[in-house]
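Have the sequence and the 3D view open as you read.

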Amino acid sequence: MKKVFIVNPISGNGKSLEIAKEIKALLDNENEDYQMYYTSSPKEATNIARLFNNSIIYSVGGDGTLFEVINGIANSNNVLGIIPAGTGNDFIKTINNDNEFTSVDLCKMNEHYFINIASVGIDAEIANNQVRMKEIGIPKSLTYKSSIINTLFKFKNPHLKVEINGNKFDQDITILAICNGKYYGGGFKIAPNAIYCDGKFDVYLVDSCKKFKIPGLLLKVIKSTHEESKYVHKYNTDKVRIQSDNNVICNLDGEIFHTNDMEFSITGKKIPIYTADDKIKKLCKSKGLYK
C-alpha cells in the first residue's frame with residue numbers, strides 16, 4: 001500500500017516536523033514510494049486524506065491532527081497510521097502494540113467522527129481554556145495547570161438532558177465522558193477498562209459536585225480510582241444522547257465544539273490501523289515517540 005504522511009509541523013513544539021524529516025530521509029534512502037504533506041490550516045488534514053484510496057494515511061502530530069485524519073478516511077478503504085508527535089497523544093496509549101494491524105470502532109458525534117473520548121463538563125472546559133491560555137501567552141508547560149485553576153473559578157455545572165440505555169437523566173453534571181479509548185487530557189485514565197473494538201462506549205456520568213470537591217475528584221481520575229466515588233456512575237452502551245437549553249462545550253478527541261444537541265454512536269464500522277513494528281515505527285521508537 002502507498003504511504004501518505006500528513007504532518008502538522010507545529011505539533012509537539014516542532015517534534016512532528018523533526019520526525020517527518022527523518023522519515024523522509026529513511027524512505028528516500030530506500031527509494032520507497034510515498035507522499036508527504038504539511039498542513040497549515042484547520043481541516044486541511046481531512047481534505048488531504050480524502051484524496052487517497054487503498055493507502056496507509058499516517059497522522060504525524062497530536063490528537064487534533066489524528067481527529068482530522070480520521071474524518072478524512074472514515075468510510076474509505078484507507079488504513080490509518082499513527083505517529084504520535086504531539087503533546088497529548090492520548091489514543092496511542094490505548095492501542096500501542098506491534099501486531100501488523102489492529103482495528104478500532106469508528107464513533108460519531110452528529111456529523112463528526114472520533115475514535116477516542118468525548119466529554120462534556122469541567123474536563124471539556126479545561127481543554128477549551130487550555131487553548132485560551134496558549135492564546136494569551138502562557139508558556140506551554142504551564143497551560144494545563146493554568147487552565148485548571150482558571151476553570152475552577154468560573155465553572156458552573158451544566159444542566160443536561162441525557163439518555164443512556166433507555167435511562168433518562170435531567171440534572172446538573174460535573175463530567176459526562178463517553179469513552180471508546182482509555183486516556184484523555186494528556187494521560188488521564190478516565191476509562192481503565194474500555195475496549196476500543198468491542199462496539200460499546202464506557203460512559204461516566206459524574207453528578208453535580210460542589211467546587212471544593214472537584215479537585216479531589218480530578219485527583220481520583222488521575223489515579224484511576226474515580227469509579228469508587230459515590231458521584232460517579234458508569235454505563236456501557238453504543239449510543240448516548242445529550243441535550244441542553246444552552247450551548248455547552250464538547251471536547252471530541254481534543255477538538256472543541258459548542259452545541260446543545262449531541263448524539264453519540266458506535267457506527268458499526270471499524271478503521272484498520274497499521275501498527276507493525278516496521279522500520280518507521282522503529283525510527284519513532286528510537287526518538288521516544290512510542291512509550
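## The largest pocket

Let's start with the largest pocket, which has a volume of about 1,500 Å³. Its lining takes in 46 residues, and the ones closest to its centre are Gly64, Thr87, Val131, Lys134 and Gly254. Keep in mind that this is a predicted model.

Which elements build the lining? At least two residues each come from helix 3 (63–73), helix 5 (122–135), helix 6 (143–154), helix 7 (214–223) and strand 15 (255–274). Helix 5 gives the largest share, with seven residues. Sorted by class, the lining of this pocket holds 22 polar, 15 nonpolar and nine charged residues.

## The second largest pocket

Next up is the second largest pocket, with about 320 Å³ of space. It is lined by 13 residues, and Lys43, Thr46, Phe67, His112 and Phe257 sit closest to its centre. Two or more lining residues come from each of helix 2 (44–49), helix 3, strand 6 (112–114) and strand 15.

## Cysteines without partners

How many disulfides turn up in the whole structure? A search finds zero. Take cysteine 197: the closest cysteine sulfur belongs to cysteine 107 and is 11 Å away, so the two are too far apart for a bond. Cysteine 197 is partly exposed, with a relative accessible area of 34%.

Cysteine 250 is in no disulfide either, and its nearest cysteine sulfur, in cysteine 179, is 12 Å away. Is cysteine 250 buried or exposed? Cysteine 250 is buried, at a relative accessible area of 0%.

## Helix 6, face by face

Back to helix 6, one of the elements in the lining of the largest pocket. Helix 6 has 12 residues and covers 16 Å from its first C-alpha to its last, close to the 16 Å expected at 1.5 Å a residue.

Which way do its residues point? Thr143, Ser147, Asn150 and Thr151 of helix 6 are buried. Looking down the axis of helix 6, those buried residues fall within an arc of 100°, so they line one face of the helix. As background, an α-helix has 3.6 residues a turn, so residues three or four places apart point the same way. On the face of helix 6 turned away from its buried side you'll find the exposed residues Lys145 and Phe153.

Technical notes:
Residues numbered from 1 in each chain as written. Predicted model: local features only at pLDDT ≥ 70, side-chain atom pairs only at ≥ 80, totals over all residues. Heavy atoms only, no water. 1 Å grid on protein atoms, 1.4 Å probe; cavity = no way out; pocket = protein on both sides within 12 Å on 5 of 7 lines; lining within 4 Å. Points joined across faces, edges and corners; volume = space filled by probe spheres on them. Helix = DSSP H or I, 4+ residues; strand = E, 2+ residues; numbered from the N terminus. Nonpolar A, V, L, I, M, F, W, Y, C, P; charged D, E, K, R; others polar. Disulfide = S-S within 2.5 Å. Buried < 20%, exposed > 50% of the residue type's maximum accessible area, 1.4 Å probe, protein only. Expected span 1.5 Å × (residues − 1). Arc of directions from axis to C-beta.
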